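Hello,

Here is the structure I promised to pass on. Please have a look at it first, and then read my notes below.

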Amino acid sequence: MGRAVVIGAGGQIGRPAVQALARDGWEVTAVSRGGGRAEDWPGEVRTRRLDREDDAALGALIGDGCDLVVDLVAYGARHARQLTGLAGLIGAAVVVSSVSVYEDGEGRGFDTMAEPNGLPRYPVPIGEDQVTVPPGDASYSTGKVALERELLAAADRLPATVLRPGAIHGPYSPLPRELYFVKRNLDGRTRRVLAFRGESLFHTSAARNIAELIRLAAARPDSRVLNACDPRPPTVSEIGAAVDAVMGVETETVLLDGPARGAVGSSPWSVELPVVCDMSAAERELGYRPVVSYQDSLPATVEWLTGRLSEQDWRAAFPTLARAYPDLFDYAAEDAWFGARPA
């Protein structure tokens, strides 16, 4: 293998990605805003500090060239043009996008979920040829589409594999959805409420499985788009049960037939209609086999979350999650709802 530069190496996907590439024999430079510590990585991994918005710094980092750039923080057409502008110095790229780019064919997607009649009805499973939202800078989803299209348009100059993960899970997440169950257990909540009878399916993506896809794509450079998800998505009820098993607790789960009652019953996975992705293309093109199941990945996640909560309030520890789900732990509303239920 040759020289690989991993941008965003200090994050949730970056850490296992650096490790997977190093094990494969790549000469890896782990790049992050903070630079990271040498002890975070295998001894042969180099660390560098980088501001992703600094074009000159990125060019200097690539230097005389590298065989692979793995970009885990790229967003929008500008970041894509940064990479394609260095096409003569970069052998190939692997770039992370999102399943939120998908549209159902009727103009509905992740951005319209809160609108009247805005709930997307995706095929089950969603293939990579499913229509996407228009590119632009209006939202996270449109920005990711702009990123994808710029990269794919430069396929003759820079082969780029675009990976579309779902609900990413694992340690070091800025949006750890599993906190919904972990914190409740730590707070001694013996009952919980789940909307849609706890049957919601929002395809999960273990950071370690995404890292495996990065490793495989690095060895087979090409321009392609691939879903990057776990083998089988667990329902939200199954996720709760799995967290309980790791933490050694028992919780009564109350199931709602329909949507949440305000904050009561709402979880970070609570979608009325399934979001499930087809992984056959990754299996066919890369020989992908997941390296970890959702359940087997949980102990490390729970341990990390428990440690973070012992140090600071959840809002301070996970501001991105708090902004996305401000009412995630509205215990007063839950207790009032339980008290108002018929005997």
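**The sheet and its helices**

Strand S4 (residues 66–71) is mostly covered, with 5 of its 6 residues buried. Please keep in mind that this is a predicted model.

S4 has neighbours on both sides, so let me take them in turn. Strand S1 (residues 3–7) runs parallel to S4, and 4 bridges join the two. If you want to find this pairing on screen, Ala-4 has Leu-68 of S4 as its bridge partner, and Ile-7 is bridged to Asp-71 in S4. Towards S5 (90–96), S4 makes 5 bridges, again in parallel. Here you can look for Cys-66, which stands opposite Ile-90 in S5.

Strand S3 (46–49) and strand S10 (224–228) stand at the edges. Each of them has a single partner strand, so one side of each has no neighbour in the sheet. On average, neighbouring strands are turned by 20° against each other, ignoring direction.

Now for the helices that lie on this sheet. Helix H1 (residues 14–23) lies across S1, S2 and S4, and runs at about 170° to S2. Helix H4 (residues 140–153) also packs on the sheet, where it touches S5, strand S6 (160–165) and S10. The direction of H4 makes about 160° with that of S6.

H1 has a helix partner as well, namely H6 (residues 207–219). Their axes come within 8 Å and cross at roughly 40°, and H1 and H6 are therefore oblique to each other. The crossing is right-handed. Which residues make the contact? From H1 they are Pro-16, Ala-17, Ala-20 and Leu-21, and from H6 they are Ala-207, Arg-208, Ala-211, Ile-214, Arg-215 and Ala-218. By type, the contact residues divide into 8 nonpolar, 2 charged and no polar ones.

Best wishes

How values were computed
Residues are numbered from 1 along each chain as its sequence is written. This is a predicted model: local features need pLDDT of at least 70, side-chain atom pairs count only at pLDDT 80 or more; totals for chains, interfaces and linings use all residues. Side-chain values use heavy atoms; hydrogens and water are left out. Axes are lines fitted to C-alpha atoms, for helices over the stretch in contact, and angles run from 0 to 180 degrees between N-to-C directions. Angles under 35 degrees count as roughly parallel, over 145 as roughly antiparallel, 65 to 115 as roughly perpendicular and the rest as oblique. A crossing is left-handed if the near helix is turned anticlockwise from the far one by less than a right angle, and right-handed if clockwise. Contact means heavy atoms within 4.5 Å. Ala, Val, Leu, Ile, Met, Phe, Trp, Tyr, Cys and Pro count as nonpolar, Asp, Glu, Lys and Arg as charged, and the others, Gly among them, as polar. Two strands pair if DSSP finds at least two bridges between them. Buried means under 20% relative accessible area, exposed over 50%, partly exposed in between (1.4 Å probe, protein chains only).
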